[in-house]
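Please read the briefing below alongside the sequence and the structure. It is arranged by topic.

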Amino acid sequence: MASNLSEIGPASGKVHEGLKALFGLDREELRAVVEGLGLPKFRAVQLGDALYKQRVGRLAEVTTLPAEVRERLVAEGFEVGLPEIVQTAKSVDGTERYLMRMADGETVETVWMPGGDGGERGDGSEAAVEEEGEAGDPEDPAESVAKMGGSNYRDSSPAAQNDNSIFANRRNKAAFDDGYKRATICVSSQVGCAVNCQFCLTAKLGIRRNLTAGEIAGQVAAVLNRHHVRLGSGKGVETPSRINLVFMGMGEPFLNYDAFMKAMHLLRGMGIPESRMTVSTSGIEPSIRRFAQEPVRPKLALSLNASNDAIRREIMPITKKWDITGLLDALRTIPFGKREYVTFEYVLLGGVNDQPENAREVLRLLKGMKAKVNLIVWNPGPDIPYTQPKPEDVAVFHRMLVDGGIPTFTRRPRGRDIYAACGQLKRTVDEPGLVEIAPAGVSC
Ligand code: SAH
Ligand code: SF4
């Protein structure tokens with residue numbers, strides 16, 4: 001498969017080990033920094049606005065601060081410290097995959113999916129509800145595109161709205177046009193993952209370390225800056241973009257809970273409401289219980305992936321620690337809003353969990369829950385001993401869940417040609433030559 005890898009140069013906001021990153025600090029921490037330098041408190045507000053509203057790449061760009069203050073901060077070792085995009089690959093469907101380098105040289109991958117991720121209709125978010133409403137509009141030409149293409153792709157780009165000629169072209173145009181207004185970013189939460197799901201490429205990496213809140217939110221800032229995305233409804237913002245975030249990249253966010261939650265708050269401060277964020281967990285029961293108590297929560301997805309504990313223990317050994325019953329009990333403690341659902345992700349593995357009896361078991365498990373199901377056709381990876389499900393088995397499974405009353409979506413794979421689809425991302429190295437190295441992946 002063609003992989004269009006290219007280096008992005010020259011990087012702005014270059015990070016280096018030993019710098020004191022300001023991006024990632026909350027208002028109080030910024031206040032402590034400015035007060036530590038003997039500066040007045042309002043400098044912290046200016047700094048916060050520059051970091052999270054203007055998303056500056058370097059302190060030198062913070063024009064609200066006098067030059068001597070900026071120089072002082074730099075002399076003290078401070079910089080913005082956003083992760084640096086060191087490599088990118090672009091798919092024919094518009095999906096872009098980035099290798100992000102952190103200050104210590106560790107790398108994670110982040111994915112940009114213009115037009116949505118093909119699964120967000122099922123993520124239980126308000127975005128999903130809005131999109132369902134829009135999708136039913138018979139006057140909407142984009143709806144015809146979806147029907148013609150046999151996909152649920154909808155194009156809200158300005159380019160598309162001005163072009164009533166060729167539907168097929170419009171789809172392509174949107175995919176490559178930075179003028180669209182809707183996109184989903186898939187964000188990593190750890191370098192590698194400790195959970196060891198047997199079907200997932202990230203598991204092969206093992207865990208290297210947690211990401212900090214700044215590194216988690218910083219991936220989003222770096223991607224938004226790359227696409228010149230404007231957020232919010234403030235003065236001067238004429239076309240706010242609709243950005244959805246899915247924390248479904250490398251790592252288990254609920255094993256890095258505090259940093260994840262802090263990142264979520266920083267991202268809200270950047271103008272992305274929590275209703276447009278979905279965090280996916282493999283099922284860390286104590287974290288789910290904590291999450292249920294949070295006053296501000298993003299949407300939640302649980303990677304169920306099996307219809308009973310025996311299968312789940314095989315494919316997700318973490319089930320030995322926290323079984324399905326305990327996980328569902330923990331989910332029931334969440335005080336759901338009116339339009340809120342838990343999304344259950346279910347990776348279909350050929351002959352393992354994709355048969356009608358599995359669908360029946362899933363229906364029994366989810367009975368009475370405010371649930372949606374995202375079916376994901378397993379993406380193969382090297383040395384992973386599974387097979388893809390047969391298309392007819394996927395169709396039967398999907399139909400059975402729908403008939404059983406569960407809103408179900410089969411996720412459209414994105415970026416397959418660049419290994420950006422679920423579980424397909426390959427780690428890449430940032431050494432001269434930019435050679436792709438073998439399997440160590442990210443799921444998304
Ligand atoms: N660690 C978290 C979030 C990242 S994984 C979790 O497991 O939920 C995001 C999703 O990708 C999970 O639902 C996971 O089951 C799925 N996934 C992992 N590897 C996959 C693969 N090879 N093919 C399809 N989906 C995969
Ligand atoms: Fe980790 Fe999620 Fe992959 Fe499991 S599926 S190994 S939890 S990233």
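Of the 12 residues around ligand 2, the nearest are C193, V195, C197, C200 and S282; a residue counts as near a molecule when its C-beta atom, placed from the backbone, lies within 6 Å of it. This is a predicted model, in which local features need pLDDT of at least 70, side-chain atom pairs count only at pLDDT 80 or more, and totals for chains, interfaces and linings use all residues. Residues are numbered from 1 along each chain as its sequence is written, while chains are lettered from A and ligands numbered from 1 in the order in which they are written.

**Ligand 2 shell**
- The shell around ligand 2 has five nonpolar, six polar and one charged residues.
- In this classification Ala, Val, Leu, Ile, Met, Phe, Trp, Tyr, Cys and Pro are nonpolar, Asp, Glu, Lys and Arg are charged, and the others, Gly among them, are polar.

**Whole chain**
- The chain has 14 helices and 17 strands, taken as DSSP runs numbered from the N terminus (helices: H or I, at least four residues; strands: E, at least two).
- Of its 444 residues, 48% count as buried, that is, with 20 or more other C-beta atoms within 10 Å of their own; exposed means 12 or fewer, partly exposed means in between, and C-beta atoms are placed from the backbone.
- Among contacts with a separation of 6 or more, 68% join residues 24 or more positions apart; a contact requires C-beta atoms, placed from the backbone, within 7 Å.

**Nonpolar core**
- The largest nonpolar core holds 102 residues, and those with the most contacts inside it are I185, V220, L245, A263, L267 and L348.
- Helix α8 (residues 213–226) supplies the largest share of this core, eight residues.
- Both domain 1 (20–79) and domain 2 (84–418) contribute at least three residues to this core; the domain bounds come from an automatic or database assignment.
- Such a core is a set of buried Ala, Val, Leu, Ile, Met, Phe, Trp, Tyr and Cys residues joined through C-beta atoms within 7 Å.
- Leaving out residues up to four places away in sequence, I185 touches T110, W112, V220, V223, I243 and L245.

**Helix α13**
- In helix α13 (residues 356–366) the buried residues are N358, A359, V362 and L366.
- These residues lie on the same side of α13, because they cover an arc of only 100 degrees around the axis; the arc is that of the directions from the helix axis to the C-beta atoms.
- The buried residues of α13 pack against β13 (342–348), β14 (371–377) and α14 (391–403).
- Exposed residues P356, E357 and R364 are on the face of α13 turned away from its buried side.
- G368, which follows α13, has a positive phi near 80 degrees.

- Most residues other than glycine have a negative phi.
- R55, in the loop between α2 (42–53) and α3 (67–75), has a positive phi near 50 degrees.
- R55 counts as buried because it has 23 C-beta neighbours inside 10 Å.
- N305 has a positive phi of about 65 degrees and sits in the loop between β12 (299–303) and α11 (309–315).
- N305 is buried, with 25 other C-beta atoms within 10 Å.

- E109 is in strand β6 (residues 107–114) and counts as buried, with 27 C-beta neighbours inside 10 Å.
- The C-alpha atoms of E109 and S188 are 6.6 Å apart, although the two residues are 79 apart in sequence.
- R70, in helix α3, is partly exposed, with 19 C-beta neighbours inside 10 Å.
- Apart from neighbours within four places in sequence, R70 is in contact with L59, A60, V62 and L65.

Terms used. Contact = placed C-beta atoms within 7 Å.
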